[in-house]
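Subject: Structure handover

Hi,

Here is the structure I promised to pass on.

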Amino acid sequence: GIFFLYNLCRSLRSGGLEDISKESNTDSTMHSQQSLDLECEQAIRLLVANVPPSDEQSRKPALIHALRVGVYLYQREYSREIILAGFLHDAVEWAGIHERAVREAFGERVASIVTACTKDDSIKKPVEKINELIGRCVANGHDALIVKAADIIDSFSYYSRVQNERELLYCRQNAEAIARLKPESFIDPVFAELFAAFQRHR
């Protein structure tokens, strides 16, 4: 309160309210950024406490993959829900974190995106499982498909570095399903980046 009044008085002395308005907006932005960063830390701590350790036999190190996806979305300034879901997209599938825990900590929308990005292991045929997963992301909405695309982009990058052709095939199948099922109204640069990665790793 005192800081606001001080800036208000200073602005009035300078002949207008434009400066204080700008500073108030800056304060609000800083507060929102800090709140997001604290929630990201909370998500990371949840993952660290629950993701099993990876080893040389792991398909890919799960924790660092989740962090890369979250950071990718964070650096591109996506919404709070997309960023948090990016960090947590494998929380149910790999870490055994219950959807309810995600909902209680981060809200319904984040939990909904994470659930949409979680594979249904009751489906045994790989292509059928992929199509069901991508279809569920599409049904959930634009945000869920953005998170899934970011997930596959990181997987393309990792599996190309370790030269895992089997998993690269899985990435290509996911990218093809997204290209086939994505509505035309779902427009975002992440999809162009995904399809560029698909072309590089065909």
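Predicted model: local features only at pLDDT ≥ 70, side-chain atom pairs only at ≥ 80, totals over all residues.

The average pLDDT for the protein is 88, and 85% of the residues score at least 70. The part to be careful with is residues 1–24, where pLDDT stays under 50. For that stretch the model has 15 contacts beyond four places in sequence. Part of helix H2 (18–50) falls in that range too, so treat its start with the caution that pLDDT, the predictor's confidence in each residue, calls for.

Next, have a look at helix H8, which covers residues 142–161. Its 20 residues reach 29 Å from the first C-alpha to the last, close to the expected 28 Å. Is H8 mostly covered or mostly open? Mostly covered: 15 of the 20 residues are buried. After the helix comes Gln163, which has a positive phi, near 60°.

Now for the open spaces. The largest pocket has a volume of about 270 Å³. If you want to find it on screen, pick out Arg59, Lys119, Asp121, Lys124, Pro126, Lys129, Arg166, Glu167, Leu169, Tyr170 and Gln173, which line it. Two helices, H7 (126–140) and H9 (165–181), each supply at least two residues of that lining. Which of the elements has the largest share? That is H9, with five residues. As for the classes, the lining of the largest pocket has seven charged residues, three nonpolar and one polar.

The second largest pocket holds about 200 Å³ of space. Ten residues line this pocket, and those nearest its centre are Gln33, Leu36, Glu77, Tyr78 and Ile83. Here H2 and H4 (80–88) each give at least two residues to the lining, and H2 has the largest share with four. The lining of the second largest pocket divides into four nonpolar, four polar and two charged residues.

The largest cavity has about 110 Å³ of space. It is lined by 15 residues, with Arg59, Lys60, Lys119, Asp151 and Tyr170 closest to its centre. The elements that give two or more residues to this lining are H8 and H9. H8, the mostly covered helix from above, gives the most to the lining of the largest cavity, with five residues. By class, that lining has eight charged, five nonpolar and two polar residues.

Technical notes: Residues numbered from 1 in each chain as written. Heavy atoms only, no water. Expected span 1.5 Å × (residues − 1). Buried < 20%, exposed > 50% of the residue type's maximum accessible area, 1.4 Å probe, protein only. 1 Å grid on protein atoms, 1.4 Å probe; cavity = no way out; pocket = protein on both sides within 12 Å on 5 of 7 lines; lining within 4 Å. Points joined across faces, edges and corners; volume = space filled by probe spheres on them. Nonpolar A, V, L, I, M, F, W, Y, C, P; charged D, E, K, R; others polar. pLDDT = per-residue confidence, 0-100. Contact = heavy atoms within 4.5 Å.
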